[in-house]
Each structure stands twice: as structure tokens, then as C-alpha cells.
Amino acid sequence: MSGQTIHTTYRGAVRAAIRDALDRDERVFLMGEDVGRYGGCYAVSKGLYDDYGPERIRDTPLSECGFTGAGIGAAMGGMRPIVEIMTVNFSLLALDQIVNNAATLRHMSGGQLSVPVVIRMATGAGKQLAAQHSHSLEAWYAHVPGLKVAAPATLEDARGMLWSALEDPDPVVLFEHVMLYNREGDLAADAGPVPITGAAVRREGTDVSLITYGGCLFKTLDAAEALAADGISAEVIDLRSLRPLDDATVVASVAKTHRAVVIDEGWRTGSLAAEVSARIMEQAFWELDAPVGRVCSTEVPIPYPKHLEDAAVPQAPDIIAAAKTALAR
Amino acid sequence: MTDTQPTSGIPRAHKLHLSREHALHLLKEMLRIRAFEERCAELYTEEKIRGFLHLYSGEEAIAVGVMKALDATDAVVATYREHGHALARGLPMDRLMAEMYGKQDGVSRGRGGSMHLFDAKRRFYGGSAIVAGGIPLAVGLALADQMQDRAQVTACFFGEGAAAEGAFHESLNLAALWRLPVLFVCENNRYAMGTALERSESETDIARKAACYQIPSVALDGMDVIAIEAAAREAVTEIRAGGGPRFLECRTYRFRAHSMFDAQLYRDKAEVEAWKQKGPILRFRHWLEETGMLDAETAGRLDAEIEREIAAAVDFAESGDWEPVENLTCDVCTKA
């Protein structure tokens, strides 16, 4: 580390990562709807078209199934595509290619084929985009063997996960929460690749483990700060990788705090929070002093009005309340 | 049903300057596929082969004709009805049979079975059970070739049922828009499982659909191996020269059921019989006999060679090992 930092945004960090990947490896290219001339729906790829040209910053038709499948095929053909799907809701149109092809081909071919594709997409609620543009479907992808799924929440991860994902011989799905793109902060000027696996302890604590990922990380850190004011020491774990899950980090934390709350913007039923909770039960049951708590989205299509949207997704007060329940406070 | 074959009658040898050796090779390739699959059907009833088994009987001319136009470095994407494509592409019959059994000596270590035959070395990318699911992959393989300046072609096979899927239209559009080196080969056997083309498509002329995407398209007699090889060679030459994608609609017929579970309630036996009389092997064989290229002795020799190859393949599959259960999760991902 040089010690020098730059002030940037999450968006800028992802853009720097794409730029870095394009510079490192001529097989890397970005493809997706409006990634080129328009500069990306969330302006992530702004400026890249001018610098790298239409071959490597490749605008596609509105054909999620077609261009995602083409990305998978190009990966098999020796390229290192970054497929940008505008939002997770649109990725449902490409689900067949991701689940039936990308995830299966290595195993189904007896290990002969490799699909080193990276699929990036925006996820989550918070921008009043209503029911068809506010999903958090990370759990669906994390359900599927053959995929790796990660959710960069910090600037370091936004900057560093992409290259590691591209170097991975397997298909990697990266989820970027829409409410993170504008987050600002300081990033080491020489920030580089970070692993796409493994959870991180973002705040150490001794009373309760708050386990989360992606867009809920900063709400959870805010909650931990508020809990500290009430004399409660909360440990915050950022899962980072949603498949595979880092059980060891979670279990070690629970063994220390004996209480856990999982915060997940997905709907409660069949959620990642359910999976994490079950793993704690399987692997750390005798460490627990209270039932594992969950803070998830209310089971409703996410509504448009601000007050209803806010009420539907996890917020810091919900997390604080769940932590206090776990502590019987 | 009326015969709407765009071409008919005697194969047009002149287009290919057909040598006797090549003609006999084409015949043998078709016979190999037919005999291999007939044996597979028997093995299915003996419960040696399980799961789904989709036979190619009646459509052999397409795989055989198109493969002859491809180089070893070209890629092939096929469907769940792909035994013929795999054999014609040169995948060894014994390892294919082992795959049908689910043995670890199979081309996909036994994990895929009939519908998922793969051979990375021969650039044979399977083997997809989702109708039209392989078409975007073919577009991507071709994109990789184009971006890496390789003069390679990706041949993509699918049935006429795929033309109803969005993946078909999205892929044709992309291939045409980016002028990708894809040879689209539609095997129009008139039935998507049990649904006749007229009952599922407002426009039943598949080649016309492709032409709407500015892809040069031609409808062919799918029972005429020579016509198919000639058209495929012409198309591949144009694609390799940078001409963008080409589309062949091969009008054919499936002589057997969709899969071994299909009672064929949706079509008349007379219709099937009528088509069998136009079958690719029957017609080509007659023509070879008429022109003196095939005599009884040669025919007997070909049959004996194929019989021996199949017997050896069955022995290989029978004596093969099952993959150890400890390997169950190998190759799900490269790293844990």
C-alpha cells in the first residue's frame, strides 16, 4: 500500500475495475444493454466506449436470453466476457441460459468445459422503482450449484471482486445494490483484486452477530452504532460471497456472541437468511443463547410510494429491534 | 399431408463431383447412425439405457451432410436428439455407447447420458435438453472466433420447434447484426414432440423467418444427403469468407417416436410409411445401386463393419465402470 487514497464512489470503483480488467486482458469485453454509447443504465460504464471502442464495450439488443447465452458461449470459446444485465428483474429473461447452461456445463460434460463468464447486475429496492424493478433475487442464484455468487458492498470489494471473478474458471454472478452506486468514500490509490470468497467482519463485537450482505451492510453498521449507544456490542459480518457461503466466519462469530440476527433484503420465505439461519442451527446450535433472528423484506411486491417501500425492506430500526429481541432487551 | 419438399428425386451428384469413395462414405455414416440407434432402442427396452432417448431415424442425411462441410477446428452445437451429430462429428462410438449407459468411460463421464454428449477436443458442445437453449451458445462461440480473428464456423442444429422460442429470434438477430460465423441448421421434422408445425406457427416457412433477419436462407430436401452437403459447403465457404451467418432449413421427417415414451397418437401410420419411402438411406442406396456405385458385396461389407463396430461399442459400455459415488460433486465448480 502506498498510503495514498482517492475519493471515489461505488460506481467509480466498479468502473475502475472494468477498466483495469480491459487493460489486463485483451480477452475481456463488456456486453449488455446500453453499456456503450449511453454509458450504462447506472452510468457504470460511462466513458468506456470512447476509450475501448464498440468491440469491447458492446451494446446489445434487448435480448437478455440471447446476449447472456452469447456471453456464456464466448467464454467457452476463450473470451472473458463481462455480461451486464441492467437489473436482476431482467435477468429472469436470461435465467435459462444461466441455470441450464452456465451452471451445468462443467459437470454435465464430465469436466471438459469451462464457462469463465462474469455476469454483473443491479439489485435491490430504494429508488421507488416499484414492483418489477426492486427485487432482491440473490437467493435464487445462490441456490444453484455450478455458479459462484458474490455481492460487493464496500468500495474495496466493488473495485476488487471483478478481476478475481474474471480469473475464476467458473461462472460468477456479481450483485451490485442500486443504493450503493452513489456511496462515496476513500479508496487506496493502488486498490486491486480481492477474493470473491469468504465473509468479512466489518465491525467487531461481543453481544450479538449481525450477519448481512450487499445493500443492507450499511444499514446494519448504522444499527450497530446505535446499539453501541445503548451499551450493546454488535459484531457485523458481511457475507460477501453468497455461494459458497463462509460458514466458518459465521460460526466463529456466533461462538463468541451466542446470538445472531440475519439481515437480508430478499423475501423471508426461502431466503438467504433462512439458509444462514439453518447453517447456524446445524453447526452452532449449542452456542446459541437465543433463537436466530431474521430481518427480511415484507412478503409483498415492492410498492412505489416511498413510505411503503421503506416499510417493505429492512431498515436500521428493524435491525436494532431484532438485535434487542435476541438479547431479551 | 402434402409433400412440400423444395427439391426431390435423385441426388445431384454433379454439384459435389461425387466420387464413389465419398458416396460410400456418406452412406456408411448414415447407416452407422441408423444401426447404432436401432441398437440403442433395443438396449432401452432391456433397460440398459434409461432416461430419455430421442432417436434421429429419418434425419441422418442432415448431420452427415453438414459435418462433411466442417473442419476439425469448427464448432458444433446440437440438441437432445444428437447421437447422429456426435457420430458424424467423429466422436468414438464406444465412448458414446458408454455414455448412453451412464458409464464413466462415456464422452461426458456418464453424467450426461443420451441428451448431453460433449467432446471439447472435437469442439462438440452437446447436447442441450432445452429447446433452442443451445442457439445463444453457438452465437457466443462464433463471437469468440470473430473477436479472436479465427476463420472458424460454428454449426448450430435445432428443430423447427425451436423457431417458436425467443432464444431463436434473439440469436438470429444477434448473429446477423454482428455478422457472426454461424451456420444455422434447422432440422424441420414437422412435429415439435406431438404438435404439428401448422398447429404452432403462424408462418410455417422457417427459412423465411430467418430471412427476415437478413440472413441468407435456403430450404432444402432434408432427405437428400448430397443436396445438404453441397448447400452446407457453399454456406460454410461464404461464412468463412466473412459473409456472416447462413441458414439452412432441412425439411425432413422423424420415423420413430419423439422419445421412447411417445405413443404417436398425433400422426397417422400411413403418413409415417409414406415418409419412410422417401427416407435418406433408402433413396441414396437405390441411387447408388442404380449408378453402379454400390454392389451387393460392398453393401454386405459395410453392414458387417458397422455391426462389428456396434458390437464392440456395446462390449465397451458393458464392461465399463460406474463413476465412484465419491466423485458425485467433482466438477461442479473448479474450486470448492
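**Figure 1. Contacts and overall form of chain A.** Of the contacts in chain A with a separation of 6 or more, 79% are accounted for by residues 24 or more positions apart, where two residues are in contact if their C-beta atoms, placed from the backbone, lie within 7 Å. The model is predicted: local features need pLDDT of at least 70 and side-chain atom pairs count only at pLDDT 80 or more, whereas totals for chains, interfaces and linings use all residues. Residues are numbered from 1 along each chain as its sequence is written, while chains are lettered from A and ligands numbered from 1 in the order in which they are written. Along the principal axes, the C-alpha atoms of chain A fill a box of roughly 60 × 45 × 45 Å, and 58% of the 329 residues of this chain count as buried, that is, with 20 or more other C-beta atoms within 10 Å of their own, these atoms being placed from the backbone.

**Figure 2. The contact between chain B and chain A.** Chain B contributes 35 residues to the contact and chain A contributes 34 residues. On the side of chain B that touches chain A, helix 5 (135–147) and helix 6 (166–177) are the elements that give two or more residues, helices being DSSP runs of H or I with at least four residues, numbered from the N terminus. Helix 5 of chain B gives the most to this side, with 10 residues.

**Figure 3. The surroundings of A227(B).** This residue, A227(B), lies in helix 8 (residues 225–243) of chain B, and A227(B) counts as buried because it has 24 C-beta neighbours inside 10 Å. A separation of 17 Å lies between the C-alpha atoms of A227(B) and A155(B), which are 72 residues apart along the chain.

Methods. A residue is buried if 20 or more other C-beta atoms lie within 10 Å of its own, exposed if 12 or fewer, and partly exposed in between; C-beta atoms are placed from the backbone.
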